[in-house]
Structure formats: structure tokens, C-alpha cells
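Subject: Handing over the model

Hello,

Here is the structure I promised to pass on to you. Please open it beside this email, and I will go through what I found.

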Amino acid sequence: MMWRAYLADTMTGLIDSPLDLPSFSWSMSIGDFALTTTRGKDVGEGEASGVRVPWNAIPGSTPSARAREVCADRRSVVLFWRSSWTPEGELGTPVMMGAITPRTDTWLDTSFSLDSPMGILSSRYLVREGTYGADKNGTTPACSAGRA
């Protein structure tokens, strides 16, 4: 029995590739959840953050490819539980999904928090087709985005 983390596309929910989280903890309430990979981060409170992943644990052959794999808002982390009775070749039971928030990068690793589906829905944006993430570094031009 074990936990498995995967990277996914936030908009479609399609699972792309496994993500090797060195360690993690998470808590879930009825309305929301929080995830942290380090101790003492007040899991489940509004300031919860701390998913820290070494760059070499992120799929991709180049630094820019790895950065795209953990692009804020566009990419998510999905946590699955695999038990001894999970059929071979299946991912397991999905337990938690969260969109990656803006990262803090260092030479060795990257840190970010996760926005729950309820957190994403609380800050919806209306963006013209073809403009979301079209600017430099995957950002959206300010003039084309409006609050819904």
C-alpha cells in the first residue's frame, strides 16, 4: 500500500506523469484541503504551503521542460492511494488534487502551494480565447483578463 503523486493538466484533469514527492503531509476538511511537504507548516490553515520538490524529481530533459511541468495554475498535483487490491496498471483511488500556485525556485528545488478545486472556483477569471498563458513565462496579458 502506498501513496502516488502525479502531475496533471489543471483545465482537463488529464494525468501526465508521476511526481516523486520526497515526503508530504496533507489534511482535508469538508470544504477544502491543504498539502505541505515539511513539518510545522500549520497544515490546514490559510497560510499552509511548503511543497518542496527537487528539480531532478520533476520529469523533463531540460530546465525549461521541468519548469513547464510545474507551471502555476496550468498544472496540478494529484494524489492517489494504491492498496494491495488495486489492479495492476491502475493508478489507484484519487484522494486529492490541487493546482500549483506561483513557485519559488532555487538552483536545487522549487517550492509551491496547491489551490484546491474550491479555491480555484473562488477566484474564477473570464479570459478571451487564445490569450490565457500567451505572454512571456506563461502569463496572461492584463488587458485581456477580467474578473468574473
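In which sense do β5 and strand β9 pair, and over how many bridges? They run antiparallel, and 4 bridges link β5 to β9, which covers residues 109-112. Strands here are DSSP runs of E with at least two residues, numbered from the N terminus, and two strands pair if DSSP finds at least two bridges between them.

Before going further, a word on the source. This is a predicted model, in which local features need pLDDT of at least 70 and side-chain atom pairs count only at pLDDT 80 or more, while totals for chains, interfaces and linings use all residues. Residues are numbered from 1 along each chain as its sequence is written, and side-chain values use heavy atoms, with hydrogens and water left out.

β5 and β9 belong to an open sheet of 3 strands, ordered β5-β9-β8 with antiparallel pairing. Its edge strands are β5 (51-54) and β8 (104-105), each pairing on one side only.

With a relative accessible area of 0%, Thr-110 is buried (under 20% relative accessible area; over 50% would be exposed, and in between partly exposed, using a 1.4 Å probe and protein chains only). Its side chain makes a polar contact of 2.6 Å with that of Asp-105. By polar contact I mean a pair of N or O atoms within 3.5 Å; within protein, one must be able to donate a hydrogen and the other to accept it, and residues adjacent in sequence count only if both atoms are side-chain atoms. Leaving aside neighbours within four places in sequence, Thr-110 is in contact (heavy atoms within 4.5 Å) with residues including Val-51, Arg-52, Val-53, Trp-55 and Ile-58.

The sheet around β6

There is also an open sheet of 5 strands, in the order β2-β1-β6-β7-β10, again with antiparallel pairing. At its edges stand β2 (15-19) and β10 (114-115); each has a single partner strand, so one side of each lacks a neighbour in the sheet.

Strand β6 (residues 75-82) has 7 of its 8 residues buried, so the rest of the structure largely encloses it. β6 pairs antiparallel with β1 (residues 2-9) over 8 bridges, where Trp-3 is partnered by Trp-81 of β6. β6 also pairs antiparallel with β7 (residues 93-100), over 6 bridges, and there Ser-76 has Ala-99 as its bridge partner.

Tyr-6 stands opposite Val-78 in β6 and counts as buried, at 9% relative accessibility. The C-alpha atoms of Tyr-6 and Ser-17 are 5.5 Å apart, although 11 residues separate the two along the chain. A polar contact of 3.5 Å joins the side chains of Tyr-6 and Arg-4. Not counting residues up to four places away in sequence, Tyr-6 touches Ile-15, Pro-18, Phe-80 and Leu-91, among others.

Confidence

The chain has a mean pLDDT (the predictor's confidence in each residue, from 0 to 100) of 78, with 76% of its residues at 70 or more. The pLDDT is below 50 over residues 41-48, a stretch with 14 contacts beyond near neighbours in sequence. It is also below 50 over residues 144-148, where the model has 16 such contacts. Where pLDDT is low, the predicted coordinates should not be read in detail.

Best wishes
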